[in-house]
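Please keep the sequence and the structure in view while reading.

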Amino acid sequence: MEERNGGGPAMIFPFSAIVGQEEMKLGLLLNVIDPGIGGLLIMGEKGTAKSTAVRALAELLPEIEVVAGCPFGCTPDGFLCSTCRERLENNGTLEREKRRMKVVELPLGVTEDRLVGTLDIEYALKKGEKRFEPGLLAAANGNFLYVDEVNLLEDHIVDLLLDSAAMGVNTVEREGISFTHPARFILVGTMNPEEGELRPQLLDRFGLCVRVASVQDKASRIEILRRRIGFDADQEGFMQRWQAEQDRIARSVTDGRMRFEAIEAKEAALEKIVSITTSLNLDGHRADIVILKAARALAAFRGTGVVGTEEIREAAMLSLMHRQKRMPFDEIGAETEKIKAAVWGLTG
């Protein structure tokens, strides 16, 4: 929940009550099931529930296992921060606890120190001990890192995000003293393409991408008004009415995370994925890998047990929208039509 101006808690509009925008909601949920997908970029005009959906996701996130008391959320069996490594060396073991995943917001005007954290050099020189003030990358480890208007981020902040996203580690060095901690996060960005483009290096870092637009169906627009009025009039009552659906989605996500490793992707599925990517003008192999990950996550979410043609089609539409090159004389939207032709050309 957020804070009201008066100091009391203000509830976030429930994820399950958002009308339409199914691709956007699905893209977020698939990243919860498999964080290795690489995040989601949401492109669209203002007022299309982009920020609402990301913030509302927090209520559906599951618990994860971390080192007890670690401010960096270290995974006990994964890469450890400098403090946890020392504790493991001294004690031979690390206590564990469950901690719920969260959505950490990165403001546009964030400074480098606020993002990566700071080392207290004076304290280190006087006491001979490291004192590290964690930044937003520490809070984001194991969680979602959300950047609204990501296309307006300053270049040096983008570079820091790219480094952390690539390595999964944040290292801060000052005057010969260094501190290292894990920084594996699920990057979610929202942007209005009319306000500027996104750097290609960062664009490619997003596993999935969706384009959202205002709902045009008259009945759906009326329903949006009804739900907004109901929420504003009685937030607690509105939340209670949607709690059963919230719980259902949360269970589906938790079950999907448990089923994910067992999901099969047979040879025929791999051939279908490659048949799509080879028919398009794509660079590298990241697209193939992301489609496979998203298709497996989708199968886990639906409980089908195996990756089928429908999962591949939907995963490809989410994975390729920002990777297809538009040639100089192509009309706007031509790249989308090429993707659809390749995806719906699948058989079986």
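Predicted model: local features only at pLDDT ≥ 70, side-chain atom pairs only at ≥ 80, totals over all residues.

A residue counts as buried here if its relative accessible area is under 20%, with a 1.4 Å probe and protein chains only. On that definition, 48% of the 348 residues of the protein chain are buried.

**Chain as a whole**
- The protein chain has 14 helices and 13 strands.
- Of the contacts in the protein chain between residues at least 6 apart in sequence, 75% join residues that are at least 24 apart.
- The accessible surface of the protein chain comes to about 17700 Å², and carbon and sulfur atoms account for 49% of that surface.

**Nonpolar core**
- The largest nonpolar core contains 108 residues, and those with the most contacts inside it are Leu-106, Leu-115, Phe-144, Leu-145, Val-150 and Leu-320.
- Helix α12 (residues 286-302) provides the largest share of this core, with 10 residues.
- Leaving aside residues up to four places away in sequence, Phe-144 touches a set of residues that includes Leu-28, Leu-57, Leu-61, Met-101, Ile-186 and Val-188, and also Asn-31 and Lys-102.

**Aromatic pairs and their cluster**
- A pair of aromatic rings is described by the distance of the centres and the angle of the planes.
- A search of the whole structure finds 4 aromatic pairs, and one of them, formed by Phe-231 and Phe-238, is edge-to-face, at 5.7 Å centre to centre and with 80° between the planes.
- Phe-231 is buried because its relative accessible area is 3%, and Phe-238 also counts as buried, at 3% relative accessibility.
- Phe-238 pairs with Trp-242 as well: the ring centres are 6.3 Å apart and the planes lie at 35°, so this pair is tilted.
- Both Phe-238 and Trp-242 belong to helix α10 (residues 235-259), where they are 4 residues apart, about one turn of the helix.
- Through ring pairs, Phe-13, Phe-231, Phe-238 and Trp-242 are linked into a cluster.

**A charge over a ring**
- Which residue lies over the face of Phe-260? Arg-296 takes that position, at 4.4 Å from the ring centre.

Definitions and conventions
Residues numbered from 1 in each chain as written. Heavy atoms only, no water. Phe/Tyr/Trp six-rings, centres within 6.5 Å; stacked < 30°, edge-to-face > 60°. Buried < 20%, exposed > 50% of the residue type's maximum accessible area, 1.4 Å probe, protein only. Helix = DSSP H or I, 4+ residues; strand = E, 2+ residues; numbered from the N terminus. Lys NZ or Arg CZ within 6 Å of the ring centre and 35° of its normal. Core = buried A, V, L, I, M, F, W, Y, C linked by side-chain atoms within 4.5 Å. Contact = heavy atoms within 4.5 Å. Areas by Shrake-Rupley, 256 points an atom, 1.4 Å probe, with all protein chains shown as cover.
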